[in-house]
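Here is a friendly tour of one protein chain, written for someone who likes to check geometry by eye. Please keep the viewer open as you read.

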Amino acid sequence: MSLTIEAPALQHPALEQAKAHLGALIGYDSVSSRSNRALIDYAAETLEKLGAEVTILPNEEGTKANLVARFGPADVPGVVLSGHTDVVPATEDSWVTPPFSADEREGRIYGRGACDMKGFGACVLAAAASFATADLKRPIYICFSYDEEVGCLGAPAIARWLADLDVPPELAIIGEPSEMKLITGQKGKIAMRAHVKGTSGHSSFAPEHVNAVEYASRMISTIAERADRYQVEGPFDKDFTVPHATMLTTMITGGVATNVTPSDCSFTFELRSISGMDAEGDMKALLDGIEADIATKMTSKAANSGVTWERIFAYPAMGDARGTDAFERHAHLMPEWGGKVSYGSEGGVFETIGKIPSVIVGPGSIKQAHKPNEFVDIDQLDLCLGFLDELTHELEKPHKG
């Protein structure tokens, strides 16, 4: 009796290069509150050496920047490979290894941003050598943005820049961690802060005052009632795990002492919307209703009281690109369908501002994102490199409008 020993699966020839790039990218502490310029310089130098046409789009202060690089011709529509360079903080004590130093063990690479989403960026940089030598008939645009984690702040400038090209791209692939499955929808978000102003005094004279905390609680109840209506009234999209919009209050602060009527209270709340609904209209209706039903009662008692609204950030939902000509042209390349996701991405920005249909395909699992000891499976990087190979071969074929 003889034993059959299976040969190990062949790994992509660029995998070691991808791992090296990932180690370099993790090494840049690009938490959103800090500059990403060193990382962008690294990516720009890598791509320029390979012959890419690189454009840097800095923010107004020059402290952060987006990168757009093109391989291939500019006079036909191509494909965008998009990823963000910023990461969430890594301050937890439970990190086994330093979060900004890549650690490879047990088939994984650990470090902040390993899956969200420097793993995708590393694969793109590793694949760029193939982009450079391929006989591309259609272009590949590599787009790296800043400040996605705090509201997709950098991506709009990229989307506008692409939209202004003589021949804009026809499809964007966002490399958020999707376990290399095809994601065809993402919720949008509007994050708000309410500043509620009342009047203070000794709490024994409470009826004479405008209690900011109590009026804030009425506003929060209104928000909760609106959230309940979404669950009942929709609109619905069963492809999402939570198949409707959600709204909730997330933080609240107010008051100074147990015997003082609070004159100030603030709270934050959010609306996560699905494509096709009027998120801006819904938010305006909510705020107008609170002003009419609650804030007017405050001002009738004290003229200087009331509520002011602060928009923290907003980004649009990403619709389903399936059925568009651009998607159908590349549909045969796409991996297994993985549904739609409730987390945010820049796909909605590319779709809404850039008019570029977008999908999500990227290595790693969203379950590992934003956690201590974040990691990406090396097998996922291997799959991503294979996907990028197939895309490259496809773009070597002549464009058929």
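## The chain as a whole

What you see is a predicted model. The chain holds 9 helices and 15 strands, and its C-alpha atoms fill a box of roughly 85 × 55 × 50 Å along the principal axes. Of its 401 residues, 52% count as buried. If we take contacts between residues at least 6 apart in sequence, 81% join residues at least 24 apart.

The accessible surface comes to about 17,900 Å², and carbon and sulfur atoms account for 52% of that area. On the charge side, there are 35 positive and 56 negative side chains, with the centres of the two sets 3 Å apart.

Which way do the partners run? Strand 2 pairs with strand 6 in the antiparallel sense over 5 bridges, and Arg 70 stands opposite Tyr 141 there. Strand 3, residues 79–84, runs parallel to strand 6 and is joined to it by 6 bridges. In that pairing, Gly 83 stands opposite Phe 144.

## Asn 66, a buried polar side chain

Asn 66 sits in strand 2, which spans residues 65–71. It is buried, with a relative accessible area of 0%. What does its side chain find there? A polar atom of the Asn 66 side chain lies 2.9 Å from the backbone oxygen of Gly 154. Beyond its neighbours up to four places away in sequence, Asn 66 touches several residues, among them Phe 144 and Ser 145, as well as Ile 40, Leu 57 and Ala 157.

Pro 357 lies in the loop between helix 8 (347–352) and strand 14 (358–360). Its C-alpha atom is separated by 6.3 Å from that of Ala 172, although the two are 185 residues apart along the chain. Leaving aside neighbours within four places, the contacts of Pro 357 are Glu 170, Leu 171, Ala 172, Ala 321 and Thr 324.

Lys 181 belongs to the loop between strand 7 (171–174) and strand 8 (188–197). Lys 181 counts as partly exposed because its relative accessibility is 31%. Its C-alpha atom is 5.2 Å from that of Glu 336, a residue 155 places away in sequence. With neighbours within four places set aside, the contacts of Lys 181 include Pro 335, Gly 338 and Ile 360.

## Backbone angles worth a look

Most residues other than glycine have a negative phi, and most peptide bonds are trans. A cis peptide bond joins Asp 116 and Met 117, with omega about -10°; Met 117 lies in helix 3, residues 114–133. Another cis bond joins Gly 234 and Pro 235, with omega about 5°. Pro 235 is in the loop between helix 5 (212–233) and strand 10 (246–254).

His 370 has a positive phi, near 65°, and so does Asn 373, near 60°. His 370 counts as partly exposed at 42% relative accessibility, whereas Asn 373 counts as buried at 17%.

Key: Residues numbered from 1 in each chain as written. Predicted model: local features only at pLDDT ≥ 70, side-chain atom pairs only at ≥ 80, totals over all residues. Heavy atoms only, no water. Helix = DSSP H or I, 4+ residues; strand = E, 2+ residues; numbered from the N terminus. Buried < 20%, exposed > 50% of the residue type's maximum accessible area, 1.4 Å probe, protein only. Contact = heavy atoms within 4.5 Å. Areas by Shrake-Rupley, 256 points an atom, 1.4 Å probe, with all protein chains shown as cover. Lys, Arg positive; Asp, Glu negative; His and termini not counted. Charge placed at Lys NZ, Arg CZ, Asp CG, Glu CD. Polar contact = N/O pair within 3.5 Å; in protein donor to acceptor, adjacent residues only side chain to side chain. Pairing = 2+ DSSP bridges.
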